[in-house]
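Please open the model in your viewer and keep the sequence panel beside it.

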Amino acid sequence: MKSALRATPLLMILPSLALAMFIIGYPIADLAWTSLQEVSRFGQLRGFAGLDNFAEVFGDQLFYESLWRTVIWTVAVVGGTLLISLPVALILNDDFIGRGLARVIIMLPWAISLTMTAVVWRWGLNGRAGLLNATLMDLHVIAEPIEWLATAPLAFTTEILIGILVSIPFTTTIFLGGLSSLPQDSYEASLVDGATGWDQFRYITLPLMKPFINIAIVLNVIYVFNSLPIIWVMTEGGPANGTDILVTYLYKLAFRFGQLGKASAISLIMFGVLFVFTIIYVVIVMRAETDSAVEQEAISDVAA
């Protein structure tokens, strides 16, 4: 009887779980099958190719350059987003005049599609008629226009900064939700003990916000790792493939050069990288939480 009761919740979610597995699993299985085929530029399967597509991918220097650039892009955008979003969320969590308006302004970029944002920035960064150059020249910051997107290092750095900018609203929303759920008793008790604002942040806010920070890291890594619009719209991976990341490199192979088998192999590799990262990160976080719980229990036993 007890075993039947324990199995009831699982049976109730089984239909939706099976549907979700089908929706996720079928495209992955089809992608894996396509990656093992010789595929025409029109998507017709011509025959089994084994691991030839993967051999071509791993033998292509552009793949390794794009992979390394993807790591830099993901770490820089996610790291920068977290460092900026947490202070912004702390400010917006305080009670001040105009807080509602400030929250709306912060969230506005989230309402605009990434493609449109990238188009606007591409216009603004135009070397000859861009708004940024005109503003900087009017302020006498620069003497002549700068070609922001003409060289790969400068273009890629600019795209990273824009990537951080467009990621802040989503991450700030996560942090605001976390801050609003924190217990106020701990802060009141710390004030009685003479804790400063930095002490409260370090010993109360930051530890309690760890679950929300972990969620933000995982979601942002997955989102940024697969993000196409900013780099594609602004530079299309150029100049000379100097700003290509894996997703733009894949897009070129599939829709510009018609190498669908090779593109499918890269898609599968990207899925594997994200899957492994997610598993490793979750395991590390769970282990850290377990160790922390054991430590707190040991401290409580000693105090008792």
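**The whole chain**

Begin with the C-alpha trace of this predicted model: its radius of gyration is 24 Å, whereas a compact globule of 304 residues would have one near 19 Å. Turned along its principal axes, the trace spans about 75 × 70 × 30 Å. Colouring by secondary structure brings out 13 helices and two strands.

Next, show the surface, of which the protein exposes about 18400 Å², with carbon and sulfur atoms supplying 70% of that area. Buried residues account for 36% of the 304 residues. If you then select the charged side chains, you will find 15 positive and 23 negative charges, whose mean positions lie 8 Å apart. Among contacts between residues at least 6 apart in sequence, 66% join residues that are at least 24 apart.

**Helix H5**

Select residues 114–124, which form helix H5, and display the side chains of its buried residues, Leu114, Thr117, Ala118 and Val119, together with Gly124.

**Lys262 in helix H13**

Move on to helix H13, residues 260–303, and pick out Lys262 within it. Is this lysine, Lys262, buried or exposed? Lys262 counts as buried because its relative accessibility is 9%, which falls under the 20% cut-off. To see its surroundings, select Asn53, Glu56, Val57, Asp60, Tyr249 and Leu253, with which Lys262 is in contact once its neighbours within four places in sequence are left aside.

Methods:
Residues are numbered from 1 along each chain as its sequence is written. This is a predicted model: local features need pLDDT of at least 70, side-chain atom pairs count only at pLDDT 80 or more; totals for chains, interfaces and linings use all residues. Side-chain values use heavy atoms; hydrogens and water are left out. Buried means under 20% relative accessible area, exposed over 50%, partly exposed in between (1.4 Å probe, protein chains only). Helices (H or I, at least four residues) and strands (E, at least two) are DSSP runs, numbered from the N terminus. The radius of gyration is taken over C-alpha atoms; the globule rule is 2.2 Å times the number of residues to the power 0.38. Contact means heavy atoms within 4.5 Å. Accessible areas come from the Shrake-Rupley method with a 1.4 Å probe; for residues, only the protein chains shown count as cover. Lys and Arg count as positive and Asp and Glu as negative; His and the chain ends are not counted. The place of a charge is taken as NZ of Lys, CZ of Arg, CG of Asp or CD of Glu.
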